Amino acid sequence: MKRIGLKAACVVGFDGTQHVLWRDGEVVFRGSRIEFVGRNYPGPVDQWIDYGNAMIGPGFIDLDALGDLDSTVLTLDNGDERGMGRMWSEDYLAAGPRESYTADEERFKYRYAFTQLIRNGITTAMPITSMYYREWAETYDEFAAVAAVAGELGLRTYLGPCYMSGMSYWRADGSLGHHWDEARGLAGLQAAARFFQDFDGAHDGLIRGALLPDRIQTCTPALLQRTAALSRELDAPVRLHCCQGLDEVAMVKQLRGVSPLAWLEQLDLLTPRSLLPHGIYTDGDADLQRVVNGGASLVHCPLVFARDGEALNSFGRYRAKGINFALGTDTWPADLLENMRHGLNIARLMEGGNALTSTLDLYNAATLGGAKALRRDDLGRLAPGAKADITVFSLRGQHLGPLFDSLKNLVLAGRGDDCIASYIDGRCVMQDGQVQGVDYPALQRQAQRQFEKLMRSHSTRAFGQPDWKTLFKPAIPFADDYSADAPLSAIDPLL
């Protein structure tokens, strides 16, 4: 087994308590484990790789990782979701929901998404996809294929088919309705349990199981109670999307009589195994204290909410209360540097200054906070004994400006594609910006064809089934009818 040494102008090490920066540092690993972080390694090394003016650091951990050809971007400046066919209409529900993609296309969307995650320096992912364009939730067979894709690309993933016992839909009068099928939800939980038993630890430990119910308002009490019991039995992480919208909060209070976090507390679903995207709409300090008392972690996804004018009221105040934060992408682009930048700027706007939230706080959430949420002290850090999940970010780009602090430069002006190399479990999965074994132009062509199919599917979910092209308004109006009718792929001859 070869011993590999990496060198760079900056290395982010871990001293047992916090990240520390080594100038002209080295990282040495053998197999899947790091042996040395520092300077002047004294032993023999089979291969040295010098990345020069770059920052070597731990791989990012994305716990609401975009696993999709993102449909949320289609809502940007396109009016109300009720009119543009993202959510189900009453007519669509009555006609019978259907799949928008074939099984092969579902598998492809994960290949595309996982490639993007690796490309942007994410080494551990818990993916999320939309259920709006599905017939129902995800399946065991589908996720067996997803595990194979993750294993092939080398991405560390926490996987399991999403399950739910209901779906919200729009009535013709504009009110929100709720369709329930508890038997289908419980069958989905059984499929998730089977997947966990069969795949937890697969691909030499790269694949880990997780329980991933859909948003809490689409789950019945019985489904969540059984999820809590299964999480205890399997010692499995469970992700629970909550406190992310006013409609959700109102629905939970109407149906359950308490706030979403109080309901989760009653169900014994606020534990150290619980990961909670997004925690924006809470009932004040009492709710936050429930999270602290239970030891759950919040998964912060600042970018996707900022696009709709929503934000966490204070990242720094939540942290000061003792809440552990992880980060998630949730939307395109699958770039945690972008989310760190937005998270930092939004926090300071919401907090009225720069005293409560620092650059390092967001970086910690993407590394140490994610590891704590997963209860993994071998991830999110570069230290002897930790997993060799390592990223290399170039500091050469002119867009970064004059260098004064490697992390601050990257958070202020960096991009995910400044990541030039990535190692996961000691395997080089990307070098010189190229994810191993992936044909980027072919991947993009297929993604473009498939995304246009997704856009067309909006017509079937919208009231009256309007022409799909009328549902999406360009930022700049088309000059003529030909432009409006042309496929998006005609814009670029390479697609």
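Because the model is predicted, local features need pLDDT of at least 70 and side-chain atom pairs count only at pLDDT 80 or more, whereas totals for chains, interfaces and linings use all residues. Residues are numbered from 1 along each chain as its sequence is written, and side-chain values use heavy atoms, with hydrogens and water left out.

Helices and strands are DSSP runs numbered from the N terminus (H or I, at least four residues, for helices; E, at least two, for strands). Helix α12 (residues 336–351) packs with helix α14 (residues 406–413) at an angle of about 85°, the axes being 7 Å apart; axes are lines fitted to C-alpha atoms, for helices over the stretch in contact, and angles run from 0 to 180 degrees between N-to-C directions. That angle makes α12 roughly perpendicular to α14 (65 to 115 degrees; under 35 counts as roughly parallel, over 145 as roughly antiparallel and the rest as oblique). In this pairing, L337, M340, R341 and L344 of α12 meet L410, V411, L412 and A413 of α14, where contact means heavy atoms within 4.5 Å.

With neighbours within four places in sequence left aside, L264 is in contact with I216, L240, C242, L269, L270 and L276.

In helix α7 (residues 246–256), E248, V249, M251 and V252 are buried. These residues cover an arc of only 165° around the axis, which puts them on the same side of α7, the arc being that of the directions from the helix axis to the C-beta atoms. The buried residues of α7 pack against β10 (166–170), β11 (176–180) and α8 (260–266), while the face turned away from the buried side carries the exposed residues L246 and Q254. Just after α7, G257 takes a positive phi of about 85°.

K453, found in helix α15 (residues 440–461), counts as partly exposed at 27% relative accessibility. Although K453 and S100 are 353 residues apart in sequence, their C-alpha atoms are 7.6 Å apart in space.

Key. Buried means under 20% relative accessible area, exposed over 50%, partly exposed in between (1.4 Å probe, protein chains only).
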